[in-house]
Amino acid sequence: MLTRMMPRDLFMNTPLRRVAKHLHLNWQNLSIPRVPSPPFLILFINSICNMKCEHCFYWKELNQKTDLKFEELVALSNELGHVEQLNLSGGEPFLRKEYAAVCRQFIRRNGVKEIYCPTNAYFTARTVNALREVLKEESLRVIGIEISLDGMPEFHDEFRKSRYSFHKAMETYDALAELQKEDPRLQIFAISTATADNMDQIRQLTTYLFDRCPQMSQHHLAIIRGDRKNPSLSGPALEEYKELYNYVRQLWINRVEQRRGSIVDPMLQWAKCESAKLQEQVIPCRAGVLSAVIHANGDVGVCEQRPPIGNLRKNSFMEIWHAHHTQQIRKSIKAKECYCTNEIFMWTSIVFQPVQLIKSMLGAKVWRNVESLSAGRRVDYGEAASRMEAPPVRTKDAAGATHVGQRAISAEEVTEAGR
């Protein structure tokens with residue numbers, strides 16, 4: 001059954017409401033008379049993860065026993081003001097048993113309207129059950145789930161040191177697609193982190209996902225960053241990355257253009273590539289003003305790159321947020337003494353600074369028409385897809401004995417699934 005939209009909800013989605021929200025966030029960005037409670041929150045909901053991804057920048061903090069308790073997250077929520085967008089992370093977020101309860105707390109107490117969350121999509125039942133609970137909150141406008149994939153099945157499973165993980169991710173997509181039919185506020189995305197090693201893999205992957213996953217709205221690209229688990233991994237050559245992005249954009253253009261706000265993605269990609277090329281802030285960063293980070297152990301940060309500025313078990317959030325040393329860090333960021341390619345912080349810095357919004361629109365040439373990718377340019381993924389390893393299949397013979405076997409998904413099955 002589709003969630004019914006009440007009259008107030010209709011108003012909330014009118015152009016007038018969106019303009020009012022935009023103006024309010026632009027005003028908050030000015031920090032008059034002081035830095036506001038952050039309207040964009042990145043919350044590492046746990047540190048527990050079942051994988052060992054080679055590109056992970058959070059690997060040293062994984063699987064610790066110091067995660068904030070649910071009561072501590074409630075206390076944080078009660079201290080914060082309005083939160084426009086909640087970005088959940090981990091660990092694997094859906095391994096947190098209170099996932100739905102945490103979302104509910106921030107929706108009801110902080111007025112969260114949009115939630116976005118990456119996942120390795122290994123735990124289908126946990127994921128669907130948690131999202132069903134979250135979607136009971138009628139005031140929520142959208143919850144976007146990003147399935148994190150690094151390449152085609154064999155590459156992905158090895159890269160994450162997790163057998164069957166690609167197959168599990170596809171099972172989870174199928175379950176999410178069914179849930180989306182019940183409630184279209186659920187949006188499904190894929191995200192891949194680009195390295196020097198997986199450019200061809202991502203090109204095959206995005207083509208496969210476009211065919212295999214018709215209810216997936218978009219395939220996002222990120223550039224590897226931070227202190228990755230495998231120190232030998234490096235970022236992609238920028239020109240190669242730009243070519244990959246153009247391929248992805250042309251392939252998905254007809255789906256992407258159906259989404260409100262799709263104009264921002266090419267601006268983000270332009271800003272990321274320029275920052276990586278010049279190794280400096282191209283867009284003045286508003287991390288620490290519009291956005292804050294809460295790590296799983298209670299550490300508070302202005303962003304994911306800089307060291308923590310305090311811990312919630314020692315001081316309240318507002319004590320940390322308005323401390324003198326935090327203001328010094330904001331001055332350092334304003335002086336452009338750092339840079340990154342993190343989409344979450346770039347997005348707010350572009351959209352809620354009018355001059356930077358215009359600059360990014362000009363840099364990305366957003367007025368240019370993007371043609372859909374021609375059939376002749378599509379790469380072939382059949383052989384790589386055929387090597388998808390499935391979990392053991394349990395069968396019983398006529399005598400009632402159980403037999404366990406394995407099989408690979410054939411290229412013909414992949415093609416059929418995409419139809």
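Guide: K60 and D227 form a salt bridge, with their closest N and O atoms 3.1 Å apart. The term means that a side-chain nitrogen of Lys or Arg is within 4 Å of a carboxyl oxygen of Asp or Glu. This pair joins distant parts of the chain, 167 residues apart: K60 is in the loop between β1 (40-44) and α3 (70-79), and D227 is in the loop between β6 (216-223) and α9. Helices (H or I, at least four residues) and strands (E, at least two) are DSSP runs, numbered from the N terminus.

The model is predicted, so local features need pLDDT of at least 70 and side-chain atom pairs count only at pLDDT 80 or more, while totals for chains, interfaces and linings use all residues. Residues are numbered from 1 along each chain as its sequence is written, and side-chain values use heavy atoms, with hydrogens and water left out.

D227 has a relative accessibility of 41%, so it counts as partly exposed; that class lies between buried (under 20% relative accessible area) and exposed (over 50%), with a 1.4 Å probe and protein chains only.

D227 also belongs to a pocket. The second largest pocket has a volume of about 680 Å³, and among its 28 lining residues the closest to the centre are F57, G226, D227, E304 and Q305. A pocket is an open set of points on a 1 Å grid over the protein atoms alone, where a 1.4 Å probe fits and protein lies on both sides within 12 Å along at least five of seven lines; lining residues have an atom within 4 Å of a point. Points are joined across faces, edges and corners, and the volume is the space filled by probe spheres set on them. The lining divides into 13 nonpolar, seven polar and eight charged residues. Here Ala, Val, Leu, Ile, Met, Phe, Trp, Tyr, Cys and Pro are nonpolar, Asp, Glu, Lys and Arg are charged, and the others, Gly among them, are polar.

The model has 24 salt bridges by this rule. One of them pairs E72 with R313, at 2.9 Å between the closest N and O atoms. E72 sits in helix α3 and R313 in the loop between β9 (310-311) and α11 (317-321), 241 residues apart. Both are partly exposed, E72 at 26% and R313 at 40%. Elsewhere, a network of salt bridges links R104, R108, E133, K136 and E137.
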